[in-house]
Every structure is written in structure tokens, then in C-alpha cells.
Amino acid sequence: MDGKRNSHSMLKKREASIIASVDYLAMGKRIRRLRHQYKLTQEGLAELCDISASFVGHIEMGTRIPSLDTIAILADVLQTSIDYLAYGSSYQGDSLSVFEKTPILPDEIASEMSRLLFRHHATIDKSSNMK
């Protein structure tokens, strides 16, 4: 049990470190630029991401911090990677493979992020089938 607790504690510390390393104002600017590129309004992006338009505005201004799930949804809708939104890296492509190619992430974090992304894709697939 202590091994799981230590692993969970290490995961939480690493997650906090990742969150602290993101420049949320710069991330918001990247989201705004991509939204404009796709000719989406804040309301349109919000609807596609199942969040409020005011939350999109706050994210773009860097005044609110979105969850990893929300960042994953934004990346998927804006056809980019989480890595690009969060850090501005030039990596573009399948949002799942960025974690497979990032050696600095411990296996537990990469697994958790992949699990969240797969859950997100499953949700999108379900909602697509309902329309």
C-alpha cells in the first residue's frame, strides 16, 4: 500500500510541477490564434468543447486555468497537441503520441495522460454517434 501511496504522491508532485511550468497567458494566446485560424467565435469553440464562452475568454486571457481534460479537448478541437497548447512547441500531430515521444515524463504520468486522452476520444466518439 505504501508503494501505491508514494507513487500517487510522486505523481501529484510531478503534476503540480507540470502545471506550474505552463505560461497560461501564452497558452491562451495560442488558443486564441488557433480559434481565429479556424474562424471560430469564443461561443463556437465553447460549444465544441462543452464549456462556457466566458470560460474560453478567461482561458484566452490567462485568468483561469483549464483542467488537463479541457486542454485535451481544446487540443483535439483545434487539431493540435496538448504540448503545443501548453508549451508552444513546434510538435504538431496526433495529440496522443506526444506523450509517447516525451522521455521526461515518468511512466505513471504518461499513462495517466494517455488514459485521459483515450477517455476524451471515447466521449467524442459517443457524442458523434448520437448526432
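User: Leaving aside neighbours within four places in sequence, which residues is arginine 30 in contact with?

Analyst: Arginine 30 is in contact with Asp23, Tyr84, Leu85, Ala86, Tyr87 and Gly88. Contact means heavy atoms within 4.5 Å. This is a predicted model, where local features need pLDDT of at least 70 and side-chain atom pairs count only at pLDDT 80 or more, while totals for chains, interfaces and linings use all residues. Residues are numbered from 1 along each chain as its sequence is written, and side-chain values use heavy atoms, with hydrogens and water left out.

User: Where is arginine 30 found?

Analyst: In helix 2, residues 24–37. Helices are DSSP runs of H or I with at least four residues, numbered from the N terminus.

User: Is arginine 30 buried or exposed, and what is the nearest side chain of opposite charge?

Analyst: Arginine 30 is buried, yet has no salt bridge. Aspartate 23 is the nearest side chain of opposite charge, 6.7 Å away. Lys and Arg count as positive, Asp and Glu as negative; His and the chain ends are not counted. Buried means under 20% relative accessible area, exposed over 50%, partly exposed in between (1.4 Å probe, protein chains only). A salt bridge puts a side-chain nitrogen of Lys or Arg within 4 Å of a carboxyl oxygen of Asp or Glu.

User: Which backbone oxygen does the side chain of arginine 30 reach?

Analyst: That of tyrosine 84, at 2.9 Å.

User: New topic. How many salt bridges does the structure hold?

Analyst: Two. Arginine 32 pairs with glutamate 60 at 3.3 Å, N to O. Arginine 32 lies in helix 2 and glutamate 60 in helix 4 (residues 53–61), so this pair ties together parts 28 residues apart in sequence. The other bridge joins glutamate 60 and arginine 35 at 2.5 Å, N to O. Those two are 25 residues apart. Arg32, Arg35 and Glu60 are linked in a network of salt bridges.

User: What about burial in that trio?

Analyst: Glutamate 60 is buried, at 1% relative accessibility. Arginine 35 is buried too, at 6%. Arginine 32 is partly exposed, at 27%.

User: Now the largest nonpolar core. How many residues has it?

Analyst: It has 23 residues. Those with the most contacts inside it are Met27, Ile31, Leu45, Ile51, Leu74 and Leu85. A nonpolar core is a set of buried Ala, Val, Leu, Ile, Met, Phe, Trp, Tyr and Cys residues joined through side-chain atoms within 4.5 Å.

User: Which helix gives the largest share?

Analyst: Helix 5, with five residues. Helix 5 spans 68–77.

User: And what does leucine 85 contact, leaving aside neighbours within four places in sequence?

Analyst: Leucine 85 is in contact with Met27, Arg30, Ile31, Leu34, Ile71, Leu74, Ala75 and Thr80.

Definitions and conventions:
Polar contact = N/O pair within 3.5 Å; in protein donor to acceptor, adjacent residues only side chain to side chain.
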